[in-house]
Amino acid sequence: MNTDSLRRIEEVSVSSGKLSFLEIAQDTIYLDIKDVELGDPEVHEELVLSVRFANNSFINFFYNDIWSLEFLADFDLKNYRLETAVDFKIKNIKFLDFEYLEQLKEKFSKNKIISLYKDFDLENLRCDFFLLLEFDELAMVVGANQMDFFSQSEKLDDYTLKELSNQWVNYFLRYQSKRNLINKDSICENTSLK
């Protein structure tokens, strides 16, 4: 994906997005972000964006209180697997932002790295892609040499992402024009177009 697409993903995820699922399967890490501003809710049942990291993947959690990592209790270290539902409201999301990474290191006192690669070093990131997510009580950086995006039904490329974004904007505008006549949409109520 190009830089404009990555910025678009940041924009559609931050106002109402929540990290809803995390899976670690050997060298692949999957994240599901729900309530993203992509697609038409009248057509798509759920608005979910899935991100897959593969090829030298890692995940690092920043936290202050160990209880913030309680969801990692089921991590199977022997088989290097974790599948867990979570519900973390996204406060901020950034791609490939070293300055923001340094801010997270300063903000949180502890970190937990999960990587199959023993020589992994957060101070000297050597991956092609990484994503930073901040929540209330913790933050994470996830990275790898391959990063792919999926909707419920297809792999996303720059064009498809732009189309889904346009569909959501059209839905939002229709919603705003008749908002007193329909049921409330929490995503639209918490969003304003810039």
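**View 1. Lining of the second largest pocket.** By class, five nonpolar, five polar and three charged residues line the second largest pocket of this predicted model. The pocket has a volume of about 230 Å³. It has 13 lining residues, and those closest to its centre are Tyr 117, Asp 119, Phe 120, Asp 121 and Arg 126.

**View 2. The five-stranded open sheet.** The strand order is β6-β8-β9-β4-β7, with antiparallel pairing. The edges are β6 (92-95) and β7 (110-115), and each of these strands pairs on one side only. From one strand to the next, the twist averages 15°. Helix α2 (residues 98-107) packs on the sheet. The helix touches β4, β6, β8 (129-134) and β9. The direction of α2 makes about 45° with that of β8. In general, strands of a sheet pair through backbone hydrogen bonds, either parallel or antiparallel.

**View 3. Strand β4 and its partner β9.** β4 (residues 58-63) and β9 (residues 138-144) run antiparallel and are joined by six bridges. Phe 61 stands opposite Met 140 in β9.

**View 4. Strand β4 and its partner β7.** Six bridges also link β4 to β7, again in the antiparallel sense. Here Asn 60 stands opposite Ile 113 of β7.

**View 5. Side chains of β4.** Which residues of β4 point one way, and which the other? Phe 58, Asn 60 and Phe 62 point one way. Ile 59, Phe 61 and Tyr 63 point the other way. In a regular strand the side chains alternate between the two faces of the sheet. β4 is mostly covered, with six of its six residues buried.

View 6. Met 1 lies in the segment before α1 (3-14). Is Met 1 buried, partly exposed or exposed? Its relative accessible area is 34%, so Met 1 counts as partly exposed; buried would mean under 20%, and exposed over 50%. Leaving aside neighbours within four places in sequence, Met 1 is in contact with Leu 6, Ile 9, Phe 149, Leu 156, Asp 157, Asp 158 and Leu 161. Met 1 and Phe 129 are 128 residues apart in sequence. In space, C-alpha to C-alpha, Met 1 and Phe 129 are 11 Å apart.

Notes. Residues are numbered from 1 along each chain as its sequence is written. This is a predicted model: local features need pLDDT of at least 70, side-chain atom pairs count only at pLDDT 80 or more; totals for chains, interfaces and linings use all residues. Side-chain values use heavy atoms; hydrogens and water are left out. On a 1 Å grid over the protein atoms alone, a cavity is a set of points where a 1.4 Å probe fits but cannot get out, and a pocket is an open set with protein on both sides within 12 Å along at least five of seven lines; lining residues have an atom within 4 Å of a point. Grid points are joined across faces, edges and corners, and a volume is the space filled by probe spheres set on the points. Ala, Val, Leu, Ile, Met, Phe, Trp, Tyr, Cys and Pro count as nonpolar, Asp, Glu, Lys and Arg as charged, and the others, Gly among them, as polar. Two strands pair if DSSP finds at least two bridges between them. Helices (H or I, at least four residues) and strands (E, at least two) are DSSP runs, numbered from the N terminus. Axes are lines fitted to C-alpha atoms, for helices over the stretch in contact, and angles run from 0 to 180 degrees between N-to-C directions. Contact means heavy atoms within 4.5 Å. Buried means under 20% relative accessible area, exposed over 50%, partly exposed in between (1.4 Å probe, protein chains only).
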